[in-house]
Amino acid sequence: MSDNGRVPRPLPADLSPRLPSPLTEIDDDRFARHGVRVLLKRDDLIHPDLIGNKWRKLASNLEAAGDRPLVTFGGAYSNHLRATAAAGRLLGIPTTGIVRGDELAGRPLNPSLTRCAEDGMRLRFVDRSTYRRKDDPATLTALLEAADAQDAYVVPEGGSNALAVRGCVALGRELRGRADVVAVPCGTGGTLAGLAAGLSGDQRALGVAVLKGGFLTAEVRALQEAAFGGVRGDWQVADGFHFGGYARVPAELRAFADDFGQRHGLAVEHLYVAKMLHALVELARSGAFPAGTTIAAVVTGTPH
Ligand SMILES: Cc1ncc(COP(=O)(O)O)c(C=O)c1O
């Protein structure tokens, strides 16, 4: 049975993931000179539409939803909204995306929201103050009513709920015995919360916050409490590498991402993955990893 008492529906073949995701070592002097090995955990190759942590976070929510419509939340460039819209198309179920910012309603859709709409997602734009209160039960009920989606299965912003966190435990398990430190970019903290719980006792997880505010440690703790009934694993959040906040990508970071991509033959996503990789280079330079450390860096997404 799922968390909400319904019998979960198995996912169709279209949603089959490539798991475990590949793990490949890179040759990079910025780490090698400190005696540090780096492996890339290619979660970006899990599924063409539900990329990276999206598949791990959504799969069990989709099973739990059964054939109910899905409602979820996100900003105008949310990868999570896009993944949910794609899942709706693949499963043949209606999706509604509640988007932060009613000023967007009268404008042409950006490429990310265009993709959502093409995948059949109904988009509803709400003002920022209502959006901030979306987890308050009365506000949520009003939002669902306004969207004519009272019977929908609600996936929270960023897809991070207890089911999603438990879905990310497998990521940690896949990395047991393969690395001393596992690094992952953090938005809501759900991926880190699950990953850390799946690692073995001698491994630690390092989340790199892509938002400023320093609230992620408390969020990850709360997500682990909801998912497991208490804090699990050895993890911490690095708060100093957000480059000014969410979606801030200064030229220096862009150049870093392009260079990293050229050196290692992958397209580096800027908002999350680049910030994590940059943090690892800076931490290695400052001597944060003793010689002999192996780091696995989780590539959680692709550029779009
Ligand atoms: C590419 C990518 N990496 C990492 C994250 C952060 O994941 P979480 O919200 O679980 O911390 C996201 C956000 O959902 C993302 O889109």
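## Salt bridges

Aspartate 119 and arginine 89 are joined by a salt bridge whose closest N and O atoms are 2.5 Å apart, in a model that is predicted. This pair links distant parts of the chain, since aspartate 119 sits in the loop between α4 (111-118) and β5 (121-126) while arginine 89 belongs to helix α3 (residues 79-91), 30 residues apart. Aspartate 119 counts as buried because its relative accessibility is 12%, whereas arginine 89, at 36%, counts as partly exposed.

A search of the whole structure finds 17 salt bridges. One of them connects arginine 285 with glutamate 282, with 2.6 Å between the closest N and O atoms; both residues lie in helix α12 (residues 273-285), 3 residues apart, which is about one turn of the helix. Arginine 285 is exposed, with a relative accessible area of 55%, and glutamate 282 is partly exposed at 24% relative accessibility. The side chains of arginine 33 and aspartate 29 also meet in a salt bridge, at 2.7 Å from N to O; arginine 33 counts as exposed at 54% relative accessibility, and aspartate 29 as partly exposed at 42%.

## The ligand and its shell

The ligand is surrounded by 15 residues, of which the closest are Lys57, Asn79, Thr188, Thr191 and Thr300. By class, this shell has 3 nonpolar, 10 polar and 2 charged residues. Helix α2 gives the largest share, 3 residues, and α2, β7 and α9 (190-198) each supply at least two residues.

Oxygen atoms of the ligand take part in several polar pairs. A polar side-chain atom of lysine 57 lies 2.6 Å from a ligand oxygen, a polar backbone atom of glycine 187 is 2.7 Å from a ligand oxygen, and an N or O atom in the side chain of lysine 54 is 2.9 Å from a ligand oxygen. Of the 390 Å² of accessible area that the ligand has on its own, the protein covers 97%.

Asparagine 53 is placed in helix α2 (residues 53-65) and counts as buried, because its relative accessibility is 9% and the cut-off for buried is under 20%. Not counting residues up to four places away in sequence, asparagine 53 touches Thr191 and Thr300.

Arginine 178 lies in the loop between α8 (169-174) and β7 (181-186) and is partly exposed, at 45% relative accessibility. Leaving aside neighbours within four places in sequence, arginine 178 is in contact with Leu23, Leu39, Gln203 and Thr294. Leucine 39 is 139 residues away from arginine 178 along the chain, yet their C-alpha atoms are separated by 8.9 Å.

Notes. Residues numbered from 1 in each chain as written. Predicted model: local features only at pLDDT ≥ 70, side-chain atom pairs only at ≥ 80, totals over all residues. Heavy atoms only, no water. Helix = DSSP H or I, 4+ residues; strand = E, 2+ residues; numbered from the N terminus. Buried < 20%, exposed > 50% of the residue type's maximum accessible area, 1.4 Å probe, protein only. Contact = heavy atoms within 4.5 Å. Near = heavy atom within 4 Å. Polar contact = N/O pair within 3.5 Å; in protein donor to acceptor, adjacent residues only side chain to side chain. Areas by Shrake-Rupley, 256 points an atom, 1.4 Å probe, with all protein chains shown as cover. Nonpolar A, V, L, I, M, F, W, Y, C, P; charged D, E, K, R; others polar. Salt bridge = Lys/Arg side-chain N within 4 Å of Asp/Glu carboxyl O.
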